[in-house]
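Below are a few remarks on one helix and its packing partner. Please read them alongside the coordinates.

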Amino acid sequence: MTRPSTAFCSCKTVGISRAEAASSKVTERIQEVEIEFANLANLFVASNQLHSSLSPRGVTGRIKEVLAQIVGADRYSMYFVNPDGSELVPIASEGVPGTSRVPVRVAGTPLGDVFRSGSARVEEDVAPSQCSLERPAAVIPLSVDDQVVGVIAIFATLSQKERFDTVDFELFKLLGQHAAAALVGASLFAAAGRKLPSLEA
């Protein structure tokens with residue numbers, strides 16, 4: 001009985017190693033695609049939730065659901081700018097003490113800086129669960145027709161959230177573009193007595 005040559009054994013080992021490496025790459029890619037699908041599903045759910053109500057209270061509740069359930073926010077407030085543009089007035093919040101639910105000056109404050117610049121600000125040096133009212137984890141500008149009308153400030157996330165990831169940043173964009181528009185639309189609909197606009201409109 002002849003033994004297989006060393007060269008044959010070596011080739012077989014190389015072939016197995018290549019097959020295992022290829023299989024590992026396929027598995028990794030499948031996992032990446034599954035994560036991408038899950039992220040898209042979260043964005044789809046968030047978008048649907050924001051536009052699923054035509055009452056201001058209902059829209060505010062949906063925004064809170066997105067922040068709590070999808071982003072993992074624990075303490076947060078939503079602000080709209082006052083008529084003269086000098087203050088951001090809180091219109092909804094969660095986990096924030098009553099003494100802190102007060103208007104915030106636009107000039108010289110982190111929230112005001114985001115409002116004026118129109119660019120989101122995310123704390124990168126501290127875990128989002130460890131942030132505070134003085135040092136928010138994230139501040140997101142809210143826009144209607146490219147005009148910034150307010151901000152959402154996430155002061156801290158749930159303890160298990162160690163950092164924001166890609167889907168969170170996409171959700172911040174979605175909230176910035178849709179939350180204020182949904183709220184303004186619902187408010188106008190309520191002011192019109194919940195009547196649909198005429199065909200002329």
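**Notes on helix α4**

1. Helix α4 has a bend of about 35° at Leu-175. The model is a predicted one.

2. Despite this bend at Leu-175, α4, with 26 residues, spans 38 Å from its first C-alpha to its last, close to the 38 Å expected at 1.5 Å a residue. After α4 comes Gly-193, which has a positive phi, near 70°.

3. Helix α4 (residues 166-191) packs with helix α2 (residues 56-71) at an angle of about 165°, and their axes lie 8 Å apart. Because angles over 145 degrees count as roughly antiparallel, α2 is roughly antiparallel to α4. Their crossing is right-handed.

4. On the α2 side, the contact residues include Val-59, Ile-63, Val-66 and Ile-70.

Definitions and conventions. Residues are numbered from 1 along each chain as its sequence is written. This is a predicted model: local features need pLDDT of at least 70, side-chain atom pairs count only at pLDDT 80 or more; totals for chains, interfaces and linings use all residues. Side-chain values use heavy atoms; hydrogens and water are left out. Axes are lines fitted to C-alpha atoms, for helices over the stretch in contact, and angles run from 0 to 180 degrees between N-to-C directions. Helices (H or I, at least four residues) and strands (E, at least two) are DSSP runs, numbered from the N terminus. Angles under 35 degrees count as roughly parallel, over 145 as roughly antiparallel, 65 to 115 as roughly perpendicular and the rest as oblique. A crossing is left-handed if the near helix is turned anticlockwise from the far one by less than a right angle, and right-handed if clockwise. Contact means heavy atoms within 4.5 Å. The expected span of a helix is 1.5 Å times one less than its number of residues. The bend at a residue is the angle between axes fitted to the seven residues ending there and the seven starting there.
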